[in-house]
Amino acid sequence: HSIFMKYPIHIALLIFVLLISLSISVGCNRDEKNEASQQMNIAENLLDTAPDSALIILDAIKEDELYNREMKARYSLLKSIALDKNYIDTTTFDVLQPAINYYLENGSPDERLRTLYYKGCIFRNREEDDTAMETYMYASEVKGITDSLTFAHLLVAKSVLYDRQYKLKEEAEIRLIAAPIYESLHKMRPAVRSYTNALVNNVILEEKSRADSILKVCQRLVKEYPETEEDFLPSYITYIMTYGSDSEKRELLDNYCATDSSKTMRLSRAYGYSSLGEGEKALECLKGIELEPTDSLRYFSVMKSAYESIGDFRKALDCQVNFTRHLARYDTNLFESDLLFAEKKYALEISNLMEKQKRYSIIWVSVIVFLFLSLVSATLYYLFRDM
């Protein structure tokens with residue numbers, strides 16, 4: 001007190017300088033924090049229109065600019081989205097882990113949905129399809145979401161795994177859920193791709209009436225949005241080659257298929273020619289096709305039809321043998337994986353969780369009843385002990 005009385009101006013000036021320094025320090029930290037947040041805001045706004053620019057902005061943010069778990073989680077999720085939109089598949093959790101650690105416990109429904117979706121994508125990139133499916137199913141159970149686009153992406157991701165299981169019906173059904181969501185968001189090309197996937201699967205399943213209904217929807221969308229025609233055409237060709245007249249098949253083969261040399265179109269063209277009895281042209285289309293495991297069944301099926309159409313039944317039989325061998329190998333690989341059991345595993349876990357909750361509820365009710373009876377007993381005891 002005596003020092004303050006002796007040097008009041010000096011002490012007051014010192015306190016003032018300290019306060020100014022503290023304010024400047026806090027202000028700088030706040031500005032740096034705000035700058036990182038602003039950069040993340042800019043990157044988020046660019047994710048759909050310029051994902052490469054968004055990734056550059058995110059890469060420029062330094063780790064020491066992220067001051068708390070929430071900022072790190074946001075950065076983690078945004079960068080995972082940016083990598084995905086730039087077609088950079090990642091097989092490690094280095095980038096996404098902060099989002100997993102924070103959002104799955106503290107995030108909003110949309111943040112949990114996005115985190116689980118990208119977590120499932122990483123498992124899928126690692127070819128751990130069973131864990132990917134289980135993760136996607138947990139994501140599907142998130143309540144209160146508003147991010148319809150990510151939910152549609154989630155449905156498509158699940159449908160890809162159904163395709164690997166050759167569950168054509170389930171794949172078609174889930175695509176028919178995703179398609180109207182994309183359509184409502186004016187994402188017309190993903191919408192048409194989902195509809196056409198369902199169309200092809202229903203053609204394969206010989207569900208003609210269902211395929212006819214989907215075809216009408218596709219034709220309406222293509223008429224309104226001509227840019228979607230290239231997404232629609234392969235499935236339309238599959239439909240016509242199965243259910244169309246010879247004149248319709250001929251028109252497609254002559255006007256549309258001849259200029260497209262993609263593997264999918266060449267297989268469709270070969271199927272069309274073989275169904276018209278022009279096996280030589282079909283075999284010409286099949287020459288030099290580089291097969292992937294998923295193409296083998298269709299390839300040998302089409303080739304078998306082509307040889308049958310020209311009367312070479314010995315080679316047709318060889319194709320049937322190859323088809324059967326590839327189908328057996330496919331089934332073996334499928335059953336050796338855990339993917340078939342992912343849904344059952346998920347359902348069992350949910351059942352066990354509900355059973356635990358039920359058991360805990362019974363325990364708590366028992367404890368409450370016991371305490372209540374003890375309280376009643378104690379009250380009665382004290383009321384009547386002297387009587």
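Me: Which residues of helix H9 are buried?

Reply: Residues are numbered from 1 along each chain as its sequence is written, and side-chain values use heavy atoms, with hydrogens and water left out. Helices (H or I, at least four residues) and strands (E, at least two) are DSSP runs numbered from the N terminus. With buried meaning under 20% relative accessible area, exposed over 50% and partly exposed in between (1.4 Å probe, protein chains only), the buried residues of H9 are Leu168, Glu171, Ala172, Ile174, Arg175, Leu176, Ala178, Ala179, Ile181 and Tyr182.

Me: What distance separates the end C-alpha atoms of H9?

Reply: The expected span of a helix is 1.5 Å times one less than its number of residues. The 17 residues of H9 should therefore span 24 Å, which agrees with an end-to-end C-alpha distance of 25 Å.

Me: Which helices are included in what covers the buried residues of H9?

Reply: Cover of this kind rests on contact, that is, heavy atoms within 4.5 Å. For the buried residues of H9, the cover includes H8, helix H10 (188-204) and H11.

Me: Is histidine 186 buried or exposed?

Reply: Histidine 186 is found in the loop between H9 and H10. Most residues other than glycine have a negative phi, whereas histidine 186 has a positive phi of about 60°. With a relative accessible area of 62%, histidine 186 is exposed.

Me: Where is tyrosine 87 placed?

Reply: Tyrosine 87 is another residue other than glycine with a positive phi, near 60°. Its relative accessible area is 75%, so tyrosine 87 is exposed. Its place is in the loop between H4 and H5.

Me: Which residue forms a salt bridge with glutamate 44?

Reply: Side chains of opposite charge can pair when their charged atoms come close. A salt bridge is a side-chain nitrogen of Lys or Arg within 4 Å of a carboxyl oxygen of Asp or Glu, and the structure holds 16 of them. Glutamate 44 lies in helix H2 (residues 8-46) and its partner in helix H4 (residues 69-85), so the pair ties together parts that are 30 residues apart in sequence. With closest N and O atoms 2.8 Å apart, the partner of glutamate 44 is arginine 74.

Me: How many residues apart in sequence are the parts tied together by aspartate 48 and lysine 85?

Reply: The side chains of these two residues meet in a salt bridge, 3.2 Å from N to O. Because aspartate 48 lies in the loop between H2 and helix H3 (51-60) and lysine 85 in helix H4, the parts tied together are apart in sequence by 37 residues.

Me: What distance separates the C-alpha atoms of threonine 242 and valine 203?

Reply: Threonine 242 has its place in helix H12 (residues 229-243) and is partly exposed, with a relative accessible area of 32%. Beyond its neighbours within four places in sequence, threonine 242 is in contact with Val203 and Tyr271. Although threonine 242 and valine 203 are 39 residues apart along the chain, their C-alpha atoms are separated by 7.5 Å.

Me: How many helices are in the chain?

Reply: Of the 387 residues in the chain, 37% are buried. There are 0 strands, and the number of helices is 18.

Me: Over which residues does pLDDT stay under 50, with 2 contacts beyond four places in sequence?

Reply: The mean pLDDT of the chain is 80, and 74% of its residues reach 70 or more. Where pLDDT is low, the predicted coordinates should not be read in detail. The stretch with pLDDT under 50 and 2 such contacts is residues 22-32.

Methods
pLDDT is the predictor's confidence in each residue, from 0 to 100.
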